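Let's walk through this structure together, starting with a pair of packed helices and then moving on to some charged pairs. Keep the 3D view open as you read.

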Amino acid sequence: MAIPITVLDCDLLLYGRGHRTLDRFKLDDVTDEYLLSMYGFPRQFIYYLVELLGASLTRPTQRSRAISPETQILAALGFYTSGSFQTRMGDAIGISQASMSRCVANVTEALVERASQFIHFPADEASAQALKDEFYGLAGMPGVIGVIDCIHVAIKAPNAEDLSYVNRKGLHSLNCLMVCDLRGALMTVETHWPGSLQDCAVLQQSALCSQFEAGMHKDSWLLGDSSFFLRTWLMTPLHIAETPAEYRYNMAHSVTHNVIEKTFRTLCSRFRCLGGSKGALQYSPEKSSHIILACCVLHNISLEHGMDVWSSPLTGPVEQPPEEEYEHMETLDLEADRIRQELVLTHFS
């Protein structure tokens with residue numbers, strides 16, 4: 001006669017079913033191809049993360065089998081890069097769904113704690129000028145220190161404030177504001193804005209706007225598309241190009257702004273949990289915001305380790321929540337309009 005039992009921790013069953021136990025799964029036991037296919041990153045990069053995050057992931061526990069930092073990182077990377085259900089990735093390294101969830105949460109918070117270390121604007125004038133020179137070399141647009149845009153990441157319907165996260169397409173999402181450089185490295189990331197907010201409203205309320213309005217990076221500007229208002233520090237395209245110079249300005253603007261669009265495609269391709277192809281993030285807005293930010297930190301770390309953002313393999317079309325459609329936004333800022341006209345006449349005539 002079978003005796004029913006209550007399972008409090010599925011890890012105990014996994015150990016008895018022949019799955020890899022936590023102390024048997026080692027990076028050295030698997031091939032580089034396996035690591036790349038399952039976790040999206042090479043062996044040395046994973047070792048670096050173990051060194052970087054190990055102290056944060058080693059905590060006192062009453063469990064007889066504490067999960068090692070190495071295993072926690074593999075679990076989180078598997079989830080970020082596959083976008084699959086946690087049970088599948090947990091089975092690959094021999095841990096339960098409950099343990100998988102704890103690993104993702106632990107690694108996510110450890111990465112979020114280090115966000116300012118890896119995501120920031122240049123700290124000195126020489127670095128800022130280098131950014132401007134790089135952007136100018138791309139399409140002849142002077143003074144550009146970064147390109148800005150927003151991207152929607154689908155989330156499950158939250159329990160509270162449900163309507164504030166519904167975007168104009170009827171999907172629940174977070175509207176994430178980002179700025180990147182020419183390489184695709186992120187210099188600003190704000191991931192917590194509700195999907196109902198339009199891009200211009202997100203920027204208006206952002207810490208980034210406050211910093212630039214206070215005079216951060218004088219004599220420099222960001223490039224944004226027509227979903228933003230023209231500002232003295234943010235150049236947008238002309239609604240209608242009436243002269244050859246204005247046409248050349250719009251063309252240079254488009255080519256330069258395309259850098260962040262390409263960065264978004266790469267982020268969603270490398271971190272499938274963000275792209276929507278595997279469904280919405282099944283977490284609260286706060287936890288989803290942290291997962292997005294953690295992926296952005298990993299994105300920048302990978303660039304620092306020579307993993308070219310543009311060389312990430314695309315495994316298929318990236319599916320995302322449909323982006324918002326806006327009418328063209330003009331500005332009442334006469335000084336901003338004067339700066340743009342001067343830019344057009346000086347550099348594109």
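In this predicted model, Gln-72, Ile-73, Ala-75, Ala-76, Phe-79 and Tyr-80 in H4 meet a set of residues in H6, namely Met-100, Cys-103, Val-104, Asn-106, Val-107, Thr-108 and Leu-111. Contact here means heavy atoms within 4.5 Å. Sorted by class, the contact of H4 with H6 has 10 nonpolar residues, 3 polar ones and no charged ones. For that sorting, Ala, Val, Leu, Ile, Met, Phe, Trp, Tyr, Cys and Pro count as nonpolar, Asp, Glu, Lys and Arg as charged, and the others, Gly among them, as polar.

How do H4 and H6 pack? Helix H4 covers residues 69-82 and helix H6 residues 97-113, and they pack at an angle of about 90° with their axes 8 Å apart. That makes H4 roughly perpendicular to H6, a label used for angles of 65 to 115 degrees. The axes are lines fitted to C-alpha atoms over the stretch in contact, and angles run from 0 to 180 degrees between N-to-C directions. Helices are DSSP runs (H or I, at least four residues), as are strands (E, at least two), numbered from the N terminus.

Now for the charged pairs. A search of the whole structure turns up 7 salt bridges, each one a side-chain nitrogen of Lys or Arg within 4 Å of a carboxyl oxygen of Asp or Glu. Take Glu-113 and Arg-114, whose closest N and O atoms are 3.8 Å apart. Glu-113 is exposed, at 54% relative accessible area, while Arg-114 counts as buried at 15%. The cut-offs are under 20% for buried and over 50% for exposed, with partly exposed in between (1.4 Å probe, protein chains only).

Next, look at Glu-213 and Arg-231, a salt bridge with its closest N and O atoms 3.2 Å apart. Glu-213 sits in helix H10 (residues 207-213) and Arg-231 in the loop between strands E4 (221-223) and E5 (234-235), so the pair ties together parts that are 18 residues apart in sequence. Arg-231 is buried, at 11% relative accessibility.

Helix H14 (residues 334-348) holds both Glu-342 and Arg-338, 4 residues apart, about one turn of the helix. Their side chains meet in a salt bridge at 2.8 Å, N to O. Glu-342 is partly exposed at 44%, and Arg-338 is partly exposed at 39%. Salt bridges with shared partners join Glu-335, Arg-338 and Glu-342 into one network.

A note on the numbers: residues are numbered from 1 along each chain as its sequence is written, and side-chain values use heavy atoms, leaving out hydrogens and water. Local features need pLDDT of at least 70 and side-chain atom pairs count only at pLDDT 80 or more, while totals for chains, interfaces and linings use all residues.

Terms used. Parallel < 35°, antiparallel > 145°, perpendicular 65-115°, else oblique.
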